[in-house]
Amino acid sequence: DLRMLQNTLAGYARHVNVSGYVIAGLGCEVNQATQMIHNTSLVSLGTPSPNPVVFTIQEEGGVTKAVERGIREIAAMLPYANSFTRSTQSVSEIFVGTNCGGSDGNSGVTANPAVGWLTDELVRHGGTSVLAETSETYGAEHLLTRRAVTPEVGHKLVALMRWWENYTAMFGGQIDNNPSPGNKAGGLTTIYEKSLGALAKGGHSPLTDVLAYAEPIRKRGFLFMDTPGHDPVSVTGLIAGGCNMVVFTTGRGSIFGSKPAPTIKVATNTALYDHMTDDMDINAGMILDGVSVEDVGRAIFEKVISVASGEKSKSEQHGIGDEEFVPWLVGAVL
């Protein structure tokens, strides 16, 4: 748990959309900042000081003084942050994390296949797309292992499934069920139906690598990251791993947003898009009316490029994302 938390925090600190940071703690917690810096090789890359800025509430003399210290340190970083300007970059520098929440019976027919088209197009341009939510891939993993670039990559995915079987059994649960009442109301009857639909976000590209939660992305192409199906926890791991864009499909309606990587939400049906138009960026429900998966996938692809270029997604317009940092706590809380 400690190492996973440290990797998650370090991943956010290293994120390409973060120009600087301070590390603040109480002072006597298990996750000591100096240990985290050592374990994750975390350095303050390019920020005004050569090393991460670290302070604790206990050492500073209380909350008020700690807040004042934090304000001073951040103010010192602002000139560096303001020195950045936009420049032309290759699409290959886009790392998309894909996720689905509030799925319905249309998810595997419209939005997820369209995101799969995005995945293949992004990979074709040298970019990266990361599929996640291991517990919502269960029962369909054989469709991924046959696409693994090496046997080792395939074995890593199978090992994850065995781990999840044991993990859920420890708490008296079962992984082969449908976890959400909303999914059932939307027409999904089993986890296998949901998994087959969720897997469509991965397109048809070769599976290049399988990552642990919040593990840094080191290879390009189509990847898989081990995360729970709970959306805030899943996306936190994806962003910590290096994803600088999130594409999120929903059939029941989700208002999810994220920082520092923008979220683009794709509605699986037109009724939802019209009903929650202030929260949806793309309407994949048009596929049910005869528009091709490729056309909707291309619209998502172009929206990703547009948001990467500065256009605000719907969740950004609402300022949503500050509360969606939720690290995965695997073990017992003592």
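I use "buried" for under 20% relative accessible area, "exposed" for over 50% and "partly exposed" for anything in between, with a 1.4 Å probe and protein chains only. The model is predicted, so I take local features at pLDDT of at least 70 and side-chain atom pairs only at pLDDT 80 or more, while totals for chains, interfaces and linings use all residues. Residues are numbered from 1 along each chain as its sequence is written, and side-chain values use heavy atoms, with hydrogens and water left out.

**Entry 1. Loop between S5 and S6**

I started with Ala 214. Ala 214 sits in the loop between S5 and S6. Helices (H or I, at least four residues) and strands (E, at least two) are DSSP runs, numbered from the N terminus. I looked up the backbone there: phi of Ala 214 is positive, about 65°, although the residue is not a glycine. Is Ala 214 buried or exposed? Ala 214 is buried, because its relative accessible area is 1%.

I then checked Arg 218, which is also in the loop between S5 and S6. Arg 218 has 63% relative accessibility and therefore counts as exposed.

**Entry 2. Other backbone points**

Glu 133 has phi near 65°, a positive value in a residue other than glycine. I found Glu 133 in the loop between strand S4 (128–131) and helix H6 (142–145). Its relative accessible area is 1%, so Glu 133 is buried.

Next I looked for a cis peptide bond. The bond from Lys 259 to Pro 260 is cis, with omega near 5°. Pro 260 lies in the loop between S7 and strand S8 (263–267).

**Entry 3. The largest nonpolar core**

I define a nonpolar core as a set of buried Ala, Val, Leu, Ile, Met, Phe, Trp, Tyr and Cys residues joined through side-chain atoms within 4.5 Å. The largest one has 30 residues. Which members touch the most other members? They are Leu 144, Leu 157, Leu 207, Val 210, Phe 224 and Trp 328. Two or more residues each come from helix H7 (151–170), strand S5 (207–211), strand S6 (221–225), helix H10 (231–241) and strand S7 (245–250). H7 gives the most, with six residues.

A second, separate core has 20 residues, including Met 245, Ile 282, Val 296 and Ile 300.

Leaving out residues up to four places away in sequence, Trp 328 touches Met 4, Trp 163, Trp 164, Tyr 167, Tyr 213, Asp 226, Thr 227, Pro 228 and Val 233. Contact here means heavy atoms within 4.5 Å.

**Entry 4. Gly 97**

Gly 97 is in strand S3 (residues 95–100). Gly 97 counts as buried because its relative accessibility is 0%. Beyond residues up to four places away in sequence, Gly 97 touches Val 130, Leu 238, Cys 243, Met 245, Val 246 and Val 247. I also took the C-alpha separation from Phe 248: 8.4 Å, at 151 residues apart along the chain.

**Entry 5. H1 against H10**

The axes of helix H1 (residues 2–14) and H10 come within 7 Å and cross at roughly 55°. Axes are lines fitted to C-alpha atoms, for helices over the stretch in contact, and angles run from 0 to 180 degrees between N-to-C directions. H1 and H10 are therefore oblique to each other. Angles under 35 degrees count as roughly parallel, over 145 as roughly antiparallel, 65 to 115 as roughly perpendicular and the rest as oblique.

Which residues make the contact? H1 uses Thr 8, Gly 11 and Tyr 12, and H10 uses Val 235, Thr 236, Ile 239 and Ala 240. Ala, Val, Leu, Ile, Met, Phe, Trp, Tyr, Cys and Pro count as nonpolar, Asp, Glu, Lys and Arg as charged, and the others, Gly among them, as polar.

**Entry 6. H1 against H2**

I turned to helix H2 (residues 33–40). Its axis and that of H1 come within 10 Å and cross at roughly 80°. H1 and H2 are therefore roughly perpendicular to each other. From H1, Leu 2, Arg 3, Gln 6, Asn 7, Leu 9, Ala 10 and Arg 14 meet Gln 35, Met 36, Asn 39 and Thr 40 of H2. The classes are four nonpolar, five polar and two charged.
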